[in-house]
Structure formats: structure tokens, C-alpha cells
Amino acid sequence: MGDCKVDISADNSAVIQTQNASTQPNNPLSRKLNKILETRLDNDKEMLEALKALSVFFTENSLRTRRNLRGDIERRSLAINEEFAGIFKEVKEELESVHEDVQAMTTCCEEMTSRLKAAKEQTQDLIVKTNKLQGENHRLEVRAQVAQAFLAKFQLSNEEMATLRGARDTPITEDFFRALSRVKHIHEDVKILLRTNQQTAGLEIMEQMAVLQETSYEQLYRWAQNECRGLTQETCDISPVLTQAMEALQDRPVLYKYTLDEFGTARRCAVVRGFIDALTRGGPGGTPRPIEMHSHDPMRYVGDMLAWLHQATASEKEHLEALLKQVTLQGVDENMQEVVGHITEGVCRPLKVRIEQVIIAEPGAVLLYKLSNLLKFYHHTISSIIGTSVASLLMTIEEMHILSKKMFFNSLSLHASRLMDKVELPPADLGPTASLTQTLSLLREVLASHDSSVVPLDARQADFAQVLSCILDPLLQLCTVSASNLGTGDMATYMVNSLYVMKTTLALFEFTDKRLEMLEFQIEAHLDTLINEQASYVLTRAGLSYIYSCVQQHSAEQQLLKAM
């Protein structure tokens with residue numbers, strides 16, 4: 001290529017010289033050379049490509065090769081075309097082979113199509129029947145699904161039926177309650193069928209479920225009854241299954257009531273046995289000691305019995321709450337109160353006998369009053385647990401409270417009667433008598449125990465007024481009778497001393513304001529009497545009584561004149 005460019009440059013130089021030497025401006029060769037020289041090879045892409053292709057086989061730049069260049073290019077072009085023709089011939093042969101294969105496949109397909117058409121014409125009836133059977137099969141499948149859904153909604157499974165129809169001694173489990181709940185829902189849902197055209201099926205299913213419900217409730221009641229009969233230990237554990245059984249039985253009020261009665265009877269036996277054991281045998285291993293061993297101490301004896309009953313009542317109330325915690329019936333609280341009252345009824349007789357023995361033994365007014373307050377306190381405490389005043393235990397405690405209170409006031413009345421039967425004369429120093437001091441000591445002990453009692457405030461105030469009336473009124477009467485034989489001054493002195501002792505005794509306690517005012521008024525009255533007596537005595541001994549009377553009369557006349 002480089003040699004070609006050198007030759008061209010040499011030729012160009014020769015041509016230019018020739019052109020300069022020529023004098024003909026319109027020479028064709030000159031125009032052609034000028035055209036060639038004016039051509040810009042860098043912008044002519046086709047020329048560049050042609051030269052690039054030429055450089056591949058044009059290797060020698062000589063005169064002979066330049067003369068044969070056209071022939072070489074034509075021969076090369078012919079060789080390329082022959083090569084292309086050979087290759088294209090192979091492609092044509094392959095395409096003809098493919099065409100033959102396609103023709104064969106077309107022929108085969110047309111043959112198969114004709115055979116299928118013939119087979120279709122022959123099996124048209126079979127296809128129609130097959131489509132019909134498929135449609136019928138689809139309808140049957142839909143009906144089977146509907147029937148399956150119907151049975152699933154309105155019938156029990158074999159396992160559920162076996163659970164509900166188990167043997168009499170078969171234990172109740174969670175599966176039983178699930179099956180029973182399913183029966184209940186089916187019995188409610190089947191009412192929908194009664195509003196459709198399927199009333200016969202609805203009535204049959206409802207009757208079947210009703211019979212199954214009654215059988216299941218009867219079996220559940222027998223199991224719950226046996227479970228309740230076994231709860232005779234002092235401490236019992238209410239199982240969750242028994243709680244669920246009570247929740248289920250609330251749909252049958254009669255069976256529910258019978259089961260509660262059975263539970264109450266079993267627990268009543270347990271409480272009575274526990275109470276007797278606490279009285280005679282004590283706790284496990286002898287701790288705590290038997291209550292009967294403290295019978296010599298009435299307060300502890302009665303207090304221990306009532307404390308045990310209070311604890312037992314609270315425990316039985318908790319057992320009932322655990323048993324009925326899932327019951328939603330109205331009146332559950334009333335049922336619990338009734339059952340707790342029935343459970344504690346068995347201990348009323350032994351409790352009453354023992355407390356009566358203590359009260360009738362007349363342990364003393366103070367002790368009787370303490371027992372009365374103790375009984376009233378436990379009556380108030382246990383009534384807050386049972387919640388009703390008609391329970392036998394509360395009635396027994398109230399009866400013993402009334403008896404102890406009656407015996408207490410009888411003791412006070414007897415004491416007052418003894419004081420009045422044997423009136424003690426005032427001592428020489430005109431101080432309080434021994435009987436007065438003894439009675440006030442008794443009053444002080446009673447009032448002290450009254451202040452320390454835990455009964456409600458209103459009841460304490462009412463008892464206080466009655467106690468003061470039973471003791472202070474006879475004491476005032478005793479002091480008056482005892483001082484009846486004394487002179488006016490000595491009587492006033494004695495009464496002031498006695499009333500002052502009473503006042504100082506009452507001043508230590510509450511609810512005594514009215515009595516203190518009354519005693520203060522009486523003391524002032526007797527002090528006035530004593531002052532008058534002493535003044536008259538002094539004036540008489542000094543001989544000034546006549547002068548004092550004249551002065552008094554003169555003062556009265558002066559006041560009358562001033563008034564006029």
C-alpha cells in the first residue's frame with residue numbers, strides 16, 4: 001500500500017509537469033487528474049473500504065500488477081460468488097429436505113385428523129353420555145357435600161356419642177362437656193329447620209337431641225353426686241371438672257339443687273366431725289390441744305369454740321365459691337347462704353349445750369357480760385360470712401347471747417336486791433360504805449370490759465345505759481336509805497362523799513355524760529344543804545342567829561322599798 005502511494009505521488013508529479021507543459025486547458029486527461037486530485041479520501045468511506053479490501057490481495061505495486069488489477073478483481077469477485085453459490089446450494093438442499101419433512105408431517109397430520117374425525121363421529125354418543133354422567137357426578141358431589149355439612153352441623157360424631165353414652169362408672173372429662181355443649185347447640189340450631197320445608201327432619205333431630213341431653217344430664221348428675229359424697233374430709237379440694245359440672249347442671253335447676261344439697265350434707269358431716277374432734281382430740285399430733293381442756297376458763301373455752309366455727313364457716317364459704325364460681329344463675333348468693341347455713345346447722349346442738357353449761361354455772365356478772373359481748377361479736381362476724389340471720393348457727397349464737405345477757409342482768413339485779421335487803425349503816429367518818437365500794441368495783445370491771453369489747457358502737461351504747469340503770473339506781477337508793485337516820489349535815493356529807501365516789505368511777509368511761517351531770521347536780525344540792533347547816537350551826541353557837549335573821553329581814557324590806 002505504501003508503494004502504491006509512492007507510485008501515485010510520482011505519477012501525480014509527472015502529470016503535474018505534463019499539465020504545466022501542456023497548453024491545452026480542456027484536455028480530458030487533465031480534467032480527470034484534477035478530479036482525482038481534488039477528491040478527499042478521508043471523507044469517502046466507500047473508497048477507503050475499497051482500498052482496504054484491495055490491500056488484502058494487492059501486495060506488489062508493479063506495472064504488470066496494475067495492468068492486471070481489473071482482471072484480478074473480477075476473478076476474485078467470481079471466486080467469491082462461486083463460493084457463495086456453493087454454500088447457498090447446500091442451504092437450498094437442506095431447505096428442500098426440511099420441506100419434504102414438513103410435507104410428510106402435513107400428510108401425517110391430515111391422516112390423523114381424518115382418523116380423529118371419523119373416531120369423533122363414531123364416539124359422539126359416548127361423549128354425550130360421558131358429559132351427562134360428569135354433570136350428574138358433579139351434582140351428586142354437591143349433594144354429598146351438603147349432606148356432609150348437614151350431618152356435621154346437626155349430628156354428633158361417633159366419638160362424641162360414645163363419650164355421652166359411657167358406662168355409669170365412667171369418669172367425666174373435658175370431652176364430655178364439649179360433647180354436651182355440642183348437643184345443646186344442635187338443639188338450638190335445629191329450630192332453624194322448623195322454619196323451612198324440612199320440619200320432619202327438624203322435629204326428629206330435636207327429639208333425638210332432647211333425649212340425649214336428658215340422658216347426659218342424668219349421667220352428669222350421678223357423677224357429681226358421687227363426687228360430692230366423697231367430700232367428707234375436713235379439707236376438700238374442688239376439682240375443675242366438678243366446677244364445670246355445676247355450670248352445666250344449672251340448666252337443670254332440679255338436678256342443680258339436688259347436687260348442692262348433696263354437697264351440703266357431705267360437708268355438714270365433715271364440719272360436725274371436725275368440731276367434735278377439735279373439742280375432744282385437738283389438732284393433728286395434739287396441736288392445738290383439745291378445746292375441752294380449757295373448760296375451766298369460760299372465756300377461752302367459749303372463744304375457742306366460736307373461733308373454730310368462724311374459721312370453719314369461712315372455709316365452707318370458700319369451698320362453695322370455688323364450686324359455683326362459673327354458675328351464672330340468678331340467686332347464687334342466696335343458694336350459697338342456704339347451703340352454708342345447712343352445713344353449720346349440725347354444730348348448733350353441741351355448741352348450745354356447752355355454752356348453756358357455762359352460762360348456767362353463773363361464773364359471775366363480769367364474766368357473763370364478757371361472754372355476752374363475745375357472743376354478739378361472733379354473731380356479727382359470722383353473719384357477714386353467711387349473710388342471713390335465719391341460719392341455725394346464727395340463731396343459736398343469738399339465743400346464747402340473749403341468755404348470757406339475761407343472766408348478767410339477773411346477776412346485777414340479785415346483787416342490788418342483796419344490798420337492799422341488808423342496808424349497811426354509814427361509817428363514823430361518813431365515807432362510802434364497803435358495800436358501795438364493792439359494788440362500784442364491780443361496775444368498774446363491767447365498764448372496763450365494755451370498753452374493750454368489739455361489738456358495734458350503737459349496741460355498746462344501749463347496753464351501757466342499761467348497765468348503769470341496773471347498778472347506779474339501786475346504789476343511789478341504798479345511799480338514801482342508809483343516810484335516812486342521820487342528821488341533815490351528816491346526811492349531806494355522807495351523800496356528797498358517796499356521790500363523789502360514783503362520779504369519779506364513771507368519769508373514766510364513755511357514754512356517762514348524762515349520769516355525770518345528774519350526779520354533779522345532786523352533789524351541788526347536798527353541798528348547798530351542808531353549807532346552810534354549817535352556817536346555821538356557827539351562827540347559833542356564836543349567838544348571832546337572831547341578829548342574822550334581823551339583818552336578813554331588813555335587807556328584804558330595803559329591797560321592797562327600792563322596788564316601790
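Predicted model: local features only at pLDDT ≥ 70, side-chain atom pairs only at ≥ 80, totals over all residues.
Which residues of helix 20 are buried?

**View 1. Helix 20, residues 513-542, and its buried positions.** The buried residues of this helix are Arg 515, Leu 516, Leu 519, Ile 523, His 526 and Leu 530. Helix 20 comprises 30 residues, and its first and last C-alpha atoms lie 43 Å apart, close to the 44 Å expected at 1.5 Å a residue.

**View 2. Helix 19, residues 488-506.** With 19 residues at 1.5 Å a residue, helix 19 should span 27 Å; the distance between its end C-alpha atoms is 27 Å, which agrees with that expectation. Its buried residues are Gly 489, Ala 492, Tyr 494, Met 495, Val 496, Ser 498, Leu 499, Met 502, Thr 505 and Leu 506.

**View 3. Cys 109 and the closest cysteine sulfur, in Cys 108.** The two sulfur atoms are 5.8 Å apart, which is too far for a bond. Cys 109 has a relative accessibility of 43% and therefore counts as partly exposed.

**View 4. Cys 228 and the closest cysteine sulfur, in Cys 236.** Because 9.4 Å separates the sulfur of Cys 228 from that of Cys 236, the pair is too far apart for a bond. Cys 228 is buried, its relative accessible area being 0%. A disulfide requires two cysteine sulfur atoms within 2.5 Å, and by this rule the count of disulfides is zero.

Methods:
Residues numbered from 1 in each chain as written. Heavy atoms only, no water. Helix = DSSP H or I, 4+ residues; strand = E, 2+ residues; numbered from the N terminus. Expected span 1.5 Å × (residues − 1). Buried < 20%, exposed > 50% of the residue type's maximum accessible area, 1.4 Å probe, protein only.
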